[in-house]
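Subject: Structure for you to look at

Hello,

Here is the structure I said I would pass on. Please open it first, then read the notes below with it on the screen.

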Amino acid sequence: MKQMEVSRATMGRIPIYLKYLKETNHHAENISATALARALGLGEVQVRKDLGAVSGAGRPKTGYQIQELIAALEKF
């Protein structure tokens, strides 16, 4: 897979996403960009763009599998 250019702002938000995903007790296996944006006080579109640049694992109506997303964020 070709690596996309990632902005400095996105790079700054990656640790925020990772911390939230690791520290929050999730009752489901998946999380949507909408739920993540709401929890962190960010825009939905921005969260989708950020996560899309790092992990193409999001699925419509399903969201992101939390453990896969954590792994992708850590790898990035």
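**What covers helix H2**

The buried residues of H2 are covered by, among others, helix H1 (8-23), strand S1 (30-31), helix H3 (44-54) and strand S2 (64-65). Please keep in mind that this is a predicted model.

Which residues of H2 are buried? H2 runs over residues 33-40, and its buried residues are Ala33, Thr34, Leu36 and Ala37. They sit on the same side of H2, because the arc they cover around the axis is only 165 degrees. After H2 comes Gly41, which has a positive phi, near 70 degrees.

**The nonpolar core**

In soluble globular proteins, nonpolar side chains tend to be buried together. Here the largest nonpolar core has 16 residues. Leu21, Leu36, Val47, Leu51 and Leu73 are the ones with the most contacts inside this core. At least two core residues come from each of H1, H2, H3 and helix H4 (66-75).

If neighbours within four places in sequence are set aside, Leu51 is in contact with Tyr17, Leu36, Gly56, Tyr64, Leu69 and Leu73.

**How H1 and H4 pack**

At what angle do H1 and H4 pack? The angle is about 145 degrees, and the two axes are 10 Å apart. The crossing of H1 past H4 is left-handed. On the H1 side the contact is made by Ile14, Tyr17, Leu18, Leu21 and Lys22. On the H4 side it is made by Ile66, Leu69, Ile70, Leu73 and Glu74. Two residues in these lists have come up already: Leu21 and Leu73 are among those with the most contacts inside the core.

**Salt bridges**

How many salt bridges does a search of the whole structure find? It finds 3.

One of them joins the side chains of Asp50 and Arg13, with 2.5 Å from N to O. Asp50 is in helix H3 and Arg13 is in helix H1, so this pair ties together parts that are 37 residues apart in sequence. Are these two residues buried or exposed? Asp50 is buried, because its relative accessible area is 0%. Arg13 has 16% relative accessibility and also counts as buried, since the cut-off for buried is under 20%. Apart from neighbours within four places in sequence, Arg13 is in contact with Leu42, Gln46 and Asp50.

Another salt bridge is formed by Glu74 and Lys22, whose closest N and O atoms are 2.5 Å apart. Glu74 belongs to helix H4 and Lys22 to helix H1, so here the parts tied together are 52 residues apart in sequence. Glu74 counts as partly exposed at 44% relative accessibility, and Lys22 is partly exposed with a relative accessible area of 49%. Both residues also take part in the contact between H1 and H4.

There is also a salt bridge between Arg48 and Glu44, with the closest N and O atoms 3.3 Å apart. Where do these two lie? Both are in helix H3, 4 residues apart, which is about one turn of the helix. Arg48 is partly exposed, with a relative accessible area of 39%, and Glu44 counts as partly exposed at 35% relative accessibility.

Regards

Note on methods: Residues numbered from 1 in each chain as written. Predicted model: local features only at pLDDT ≥ 70, side-chain atom pairs only at ≥ 80, totals over all residues. Heavy atoms only, no water. Buried < 20%, exposed > 50% of the residue type's maximum accessible area, 1.4 Å probe, protein only. Arc of directions from axis to C-beta. Contact = heavy atoms within 4.5 Å. Core = buried A, V, L, I, M, F, W, Y, C linked by side-chain atoms within 4.5 Å. Salt bridge = Lys/Arg side-chain N within 4 Å of Asp/Glu carboxyl O. Axes fitted to C-alpha atoms, helices over the stretch in contact; angles between N-to-C directions. Left-handed = near helix turned anticlockwise from the far one by under 90°.
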